[in-house]
Amino acid sequence: MTAGPEAAAPASPQPAHASKRGLKLEFEPNDPFRAELRKRVDEYFQRTGRPRQDCWEMYAKTVVVLACFVASYLLLVFVAQTWWQGLLLALAMGLCTAGIGFNIQHDAGHKAYSKHAWVNGLMAFTLDLIGGSSYVWRWKHAVIHHNYVNITGYDYDIDVGGIARFTPRQPQLPIHRWQHLYMWPLYGLLVIKWQLVTDFRFLITSALGPHELPRPRGWDLAVFFLGKALFFGWAFVLPMFFHPVWVVLLFYVVAASFLGVLMSVVFQIPHCAEQADFPIPSPKTGRMETPWGVHQVNVTLDFARKRRATFWFVGGLNFHREHHLFPVICHINYPALSGIVEQTCRDFGLKSEEHPTFWGGVAAHYRWLKKMGREGAE
Ligand SMILES: [Zn+2]
């Protein structure tokens, strides 16, 4: 896992761009907001002595989440006798897999779990174990999404071809009039597509949307195939020794669809809503007119900040603005950083948007889908 992309926010004012094909995008280099925010956050860590990574709460959480995952798998495969027991346990599997994704692999993939590379590598491998390539994720999420969030034509997370229109800059098709209805079940297909299609297609094409990227080689390629082999082994082969093929496939679809909806919603509501901006590069200069730190604030919303259970389950992704500003800090620290971010935004006259609850965020995303399906391009 040595040759991977830089899975962190850029240390310099310009995003560290490593894509091979011409999508270099520069931001306004003068970023006093980001400089001041970093200073205040550094002071916080010095004053409190809190660790940025290797938080004991994170290690404890890892044990709990993995134990729940293993328990729900063993109960589903070896204990469940009736269809409703299977259904409930498949949903529990989806929930626990989301817990691994939101908490363990997401922090580790951003190098926020530990200051030791091998610990981050080991914990990031949990994504390979649950069926997604950690190599492809680092490019797709940690580099492309984090550097170019909400920029049409650059952020791959808001590009689903013509199936949906997420931004005012994308072309509108007649079918989009119903996207606020049909996108929810389609979100359920995200994980299945990722596990069975997207990763393998990347191996062949070495492209994610408009971005051409290096194929995994050596150790990264070995990890890719080892992860896929282990995933197909526990998810399909082993259960098929004990259950008919159609039963295994049915419960896989239930668990993976539930996981797909959960993941899509948690990652969509901080960015795809009325309150978020969707800026594009200046037609004159070809670069972003805002500095990188300000851009992150303008395009990202927190949600349900006061809900401790939500925070615990989604791995701090409800403090999404804090995550985008400080992706290499363990999410356990986000609630404490939130006040500093809030105050600094106020001092610099930046907006500070939040969905007060998770369901408020879901409703806002629904309204945004409806609006984008009906309103013409800007
Ligand atoms: Zn992230």
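1. The crossing of helix 3 and helix 9 is right-handed. The model under review is a predicted one. Helix 3 spans residues 83-109 and helix 9 spans residues 245-268; their axes cross at roughly 40° and come within 8 Å. Since angles under 35 degrees count as roughly parallel and 65 to 115 as roughly perpendicular, helix 3 is therefore oblique to helix 9.

2. The contact between these two helices may be examined residue by residue. On the side of helix 3, it is made by Trp83, Gly86, Leu87, Ala90, Leu91, Met93, Gly94, Leu95, Thr97, Ala98, Phe102 and His106. Helix 9 contributes Phe251, Val254, Ala255, Phe258, Leu259, Leu262, Met263, Val266 and Phe267. Sorted by kind, the residues of this contact comprise 17 nonpolar, four polar and no charged.

3. Leu87 belongs to helix 3 and is partly exposed, its relative accessible area being 31%. Leaving aside residues up to four places away in sequence, Leu87 touches Phe251 and Val254. Between Leu87 and Phe251 the C-alpha to C-alpha distance is 7.1 Å, although the two are 164 residues apart in sequence.

4. Helix 3 also packs with helix 2 (residues 56-79), at an angle of about 155° and with the axes 9 Å apart. Angles over 145 degrees count as roughly antiparallel, so helix 2 is roughly antiparallel to helix 3. The crossing of helix 2 and helix 3 is left-handed.

5. Which residues meet where helix 2 packs with helix 3? Those of helix 2 are Met58, Lys61, Thr62, Val65, Leu66, Cys68, Phe69, Ser72, Tyr73, Leu75 and Leu76. Those of helix 3 are Gly86, Leu89, Ala90, Ala92, Met93, Cys96, Thr97, Gly99, Ile100, Asn103, Ile104 and Asp107. The contact of helix 2 with helix 3 divides into 15 nonpolar, six polar and two charged residues.

6. The zinc ion has as its protein donors the NE2 atoms of His106, His110, His141, His146 and His323, at 2.1 to 2.4 Å. The sequence spacing of these donor residues is H-x3-H-x30-H-x4-H-x176-H. Because His106 lies in helix 3 and His141 in helix 5 (residues 134-148), the pair ties together parts that are 35 residues apart in sequence.

7. Are His106 and His141 buried or exposed? With a relative accessible area of 1%, His106 is buried. His141 is likewise buried, with a relative accessible area of 6%.

8. Most residues other than glycine have a negative phi. Asp54, however, has a positive phi near 55°; this residue lies in the loop between helix 1 (32-48) and helix 2.

9. Ala304 has a positive phi too, near 45°. Where is Ala304 found? Its place is the loop between strand 3 (302-303) and helix 11 (308-313). At 0% relative accessibility, Ala304 counts as buried.

Methods:
Residues numbered from 1 in each chain as written. Predicted model: local features only at pLDDT ≥ 70, side-chain atom pairs only at ≥ 80, totals over all residues. Heavy atoms only, no water. Axes fitted to C-alpha atoms, helices over the stretch in contact; angles between N-to-C directions. Helix = DSSP H or I, 4+ residues; strand = E, 2+ residues; numbered from the N terminus. Left-handed = near helix turned anticlockwise from the far one by under 90°. Contact = heavy atoms within 4.5 Å. Nonpolar A, V, L, I, M, F, W, Y, C, P; charged D, E, K, R; others polar. Donors = N, O, S within 2.8 Å, 3.2 Å for Na, K, Ca; no water. Buried < 20%, exposed > 50% of the residue type's maximum accessible area, 1.4 Å probe, protein only.
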